[in-house]
Amino acid sequence: MELDPTAVAHWLEPLAKRPEEIAELFAERWREAATEWHDGEVREARATVAEGVSARWRGRGGERLAFLSRGDEEGAREAIRALQKDIGLSPLPVKPSRARPAAGEVASLDVERWVRRLTALFARHAPRHHFRCTLRDFARQVIPARGTASTFARRLLSLEGTFTAASRRGDEKREFSFHAPVGESTFEELRVALNHATQPREAATPCGDGQTDAVLGGGCAAMLFHEILSHPLEAGAESPLNGLEQARLAAAELEVRDDATRLDLFGGFERDDEGTVPRPVKLLDAGRLSGRLTDRAHGPGPSNGHARRAGPEDAPLPRGSNIVVGPGHSASEEMTRRLASGLWIDQIDGGSVELASGRFRLRFPRARRVRRSRMADECGPGVLSGEILAVLGSIDPGIGREVRAYRALGWCAHGGHVVPVGGAAPDVLVRRFSVRRLW
Amino acid sequence: MSEERGRLRERLEQRAPGQWELYEKSAESVERETAAGEVVTAARREVGWAARFWEQGAPRFACGSSPENLERALSEASRVETSGETPPEWPVATSAPRKTQNRVEAPPDLQEELQRRVSADSRGAARLHRLSVRRGASEERIVNGRGLDVSLAGSLLDGCALAIGRQGSRACEARVVFRWEGEPDLESLARRLADRATLPLSDRGTPVERGEWLLEPSVAAALLAGLAPLFRAGPLPKWVHRADLFSPGVTVVDDASADAVYDGEGTATRRVALVLEGTLGARLHDLRSARRAGVPPTGHGVRPSYRLPPAPGPRRLFFETSTPASSRDLLASVRRGLFASALTAPPLLDFERDRYELEFTGIAVVGGRAMGPVAGARAQGRISQLLRRIAGLSTDRQFFPMPYPAGAPTLLIERADFD
C-alpha cells in the first residue's frame, strides 16, 4: 500500500502555507476474514480487502476532507486535487493512468489455523453455540505536508456470540465477547476466558431496584471509566468535567490513565491517525482531574496522540484508546469485606453516557449478591446508572491490587464513528450506585 | 470496468458454476457539519464490489474496494472449509442501466435556520450544538450466474443534529438522526430537538402509574423498528399467536417499491402485508431464508453496505389502518395518561421473555389536556399485551431512519404501566 512520502508531501505543500494549517494524506489498507460458527460447523466464510485514501486540510474556520476508495498513487493525487479545488487552489495536473504495480506478497491472516483451533475449543467448552470470529488487519500510513510520514499496522481478533451452558435449573443461553490483538498468548487467553464463561452457575433471580454498593470485578471497572472519564475528557466534549482541571474528584488512591501504548490491549496503537506518537495520559492523578485526550486540531495544548478515525472516509477526532486503572492494595477478600452487602459484578456488556448531563448507564447480564461479606446468590440482568461527578466521589479508596484486562470491551461507537478500544482495571468498589433490574 | 467485470464473472463461474452473484456499487456524497462556528465538509467517492458464491456447495462471501481486491478476497474466502447449504433459487431479470446525476451538490446550509427554530420552540432553553447534513447518490448493479443483470440508482439527504438544553446548572442533550425524502423538514426536526433537550429538565416524574399512552410518531416508529425481528424469517417466540398478534385495527406493511425496483439480490420489490388487521401474515425473506423456509423470496435481501452479505430485513416498514383518527381526536380520548414525546434510551425488547421497556420524556395528559411536562418515565410490560392494546392510529404518519425508513403515525395504547 505504501505511497511515496516525499512525492505526496510535495503535492500537499501548497495546502499548508500558514503555520496553523494542517494538510495530510491518510491511507489505509484493510483485510478482514470472518467465519460464522453454528454448533461446531463453519456455516459461512467471508473475506474483505479494501483500501481508501483521504486528503485533509484544516485551517482558519474549518476543515475539508476528500475521500476515495482506492489506495494507490493515482487515488492520492485525485484526493489532493479534489481538496485543492475545494479550497480554491490550482489543482495538481491530471496524469495519465498507469498500470498499478502488482501488490507484493502480504502476510496471511492465518484463518485456517484459527478455524482448526477454535473448532476444537468450541467442541470442548461450548458445543452448542452461534459465534462469529473476525480477524482484522489494518495498515495505515499518514503523510503530512510538513514533518515525518508514518506507517503502522495492527491485527485484531474478535469473537462474539452466544452459547448454551448448563445452569442448576437447566440450559441457559449466555453471551460471550472477546476482543484482543493477535499475539502468541491470544488463543490461550481466549481459552481461559471461554472456559470461565461456560462454568455451571446458579440460576439467577431478579435484581432489586434502588441503591446499592457494588464491586466491579474481573476488570469490568474499565467499562465504567471508559464512559465516565474517557468520553467526557475527549477534547471539545461538553461535559460536567469541563472547568474542573486539577479538582479533587475521587479518592487519592485512584489513578486512571488512557494508554494507547499498551499494545497488548485492543485499543492500542504505535501512531495515532495523524501520525503522532501517543503518550499515556493521566486522566485522574491521585483522584485529581489532570488530563484531556487531544489531537492536533483539538487542544488544550499540543496533541498527545489521540486522533482517531473510524476509517479513511472520516476526519480524525480525539478519542480514547485503552483505559487503564492503577492497582491498589486490597486483595479480593478485603474487597468483599469492604463491600459487606451489595453486588459483585464481573461482567458489563454495554454502556452509554450522555455527556451534557453527565448521566451514564452500564448494563450487566449477571451479578452475585454479597451478604455479610460473603458471596450469596446470583441475580441479573440489570442496569447501573448514575452521574459522573457523584459516582467519582463515591468510589471507595480500597482498590483491588490485581489489574485485569477486560476483553469484552472492544468497539466503541461515538457519533457514528466506531473505533477499537480496550481496558484493564482492578476491582473497584462504588458506593450508592443506582441499580435497576431488567425484566 | 466492463473488462474487469467480465474477468470476475469468469472467475466466479469457474469457482461456482451458475451459483454466484456479483454486486457493485458506486456512491458519492458531500457532508457538511457545523459546530462551534466551524464548518467541516467531507466529499466522498466510494466504489465497492462484492461476490457471493456456493463453491462446492458451501456459501462464501467476498468483497473489495476494487476488482483486484475482490479477487484477493475471493481467494481468502475460499481457504476456509465450510459446511454445505443448498444454493438459493437465483432471480432472473434484466433492466436498463440506471444513472444518477453526474455531480452531487453540496447540502444546504441549515444551521442558522434550525438554530433559530430550536431556540424558539424551546423558549430559549435549548441551542443547536452540532448539525451534520449529507447529500448523496449511489448506483448499484447486480448480476448472477443465472442471467440476472439489474441496475438501481438512488439519492439521499440525511444527517444528525445535536441540541443541548440547559436549566440552571443542569443540562440535557438531544441527538436526532433524520432523513428527508423531499425538502428539509426543519419544523418537525426543531420540535423533536427542543422537546428531547428540555422536557427531561422539568424535574417532574410521572404523575400516573397506569393509564393511556400516546406515542409521538418518532416514538411509535422506534417501537415498530424494535418489533422488526418478529417480521423477519425465522422461528417465532412461543408467545406469538398469529391470529391476534396486534389489535384488529392494525396493519403493518413493508413496501419499498417507491425507493427501488429490486432488492439487494435482484428480486423485484413488492408490497408485503406483515400484519393484516391484527393477524401476522407474511414474513420478510431474502433468497437464502426463502430457500430454507420453502417459500418464494419477498424482495427483502438488504445490503447495508457492500461489505456485508445480504440478509433478510425491512426496507420500508410502516403502520396502516382502515380506521384512522386525527391526532387531535386521539389526544382528546386520553382520560388520564402520558404523551411520549421522545425516547430517552433505545427501546428494549426481549422476545424470548415477552418483555418490553421504553424510557421516554413527555407530557402528562388528563381529560384530553396537557397537564405539564414529565421529565422521565418508563413503560414496561409484556410485548404481547402492548400490541393488542393499540387502540388508535392517527393520520399523521411520518417516516424516520431506523436506518431503513420506518413509518408511524401518532399511536394510542389503551393501557400501560409507568414508573
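User: Which strands pair between chain A and chain B, and in which sense?

Analyst: Strand S3 of chain A (residues 62-68) runs parallel to S2(B), and the two pair over seven bridges. Strands are DSSP runs of E with at least two residues, helices are runs of H or I with at least four, and both are numbered from the N terminus. Two strands pair if DSSP finds at least two bridges between them. One example is Glu63(A), whose bridge partner in S2(B) is Val40(B). This is a predicted model, where local features need pLDDT of at least 70, side-chain atom pairs count only at pLDDT 80 or more, and totals for chains, interfaces and linings use all residues. Residues are numbered from 1 along each chain as its sequence is written, while chains are lettered from A and ligands numbered from 1 in the order in which they are written.

User: How many residues does each chain bring to the contact?

Analyst: Residues are in contact if their C-beta atoms, placed from the backbone, lie within 7 Å. Here chain B brings 40 residues and chain A brings 38 residues. On the side of chain B that touches chain A, S2(B) gives the most, with 11 residues.

User: Is Leu338(B) buried or exposed?

Analyst: A residue is buried if 20 or more other C-beta atoms, placed from the backbone, lie within 10 Å of its own, exposed if 12 or fewer, and partly exposed in between. Leu338(B) is buried because it has 27 C-beta neighbours inside 10 Å. Leu338(B) belongs to strand S14 of chain B, residues 336-343. Leaving aside residues up to four places away in sequence, Leu338(B) touches several others, including Trp213(B), Val374(B) and Phe418(B).

Definitions and conventions: Contact = placed C-beta atoms within 7 Å.
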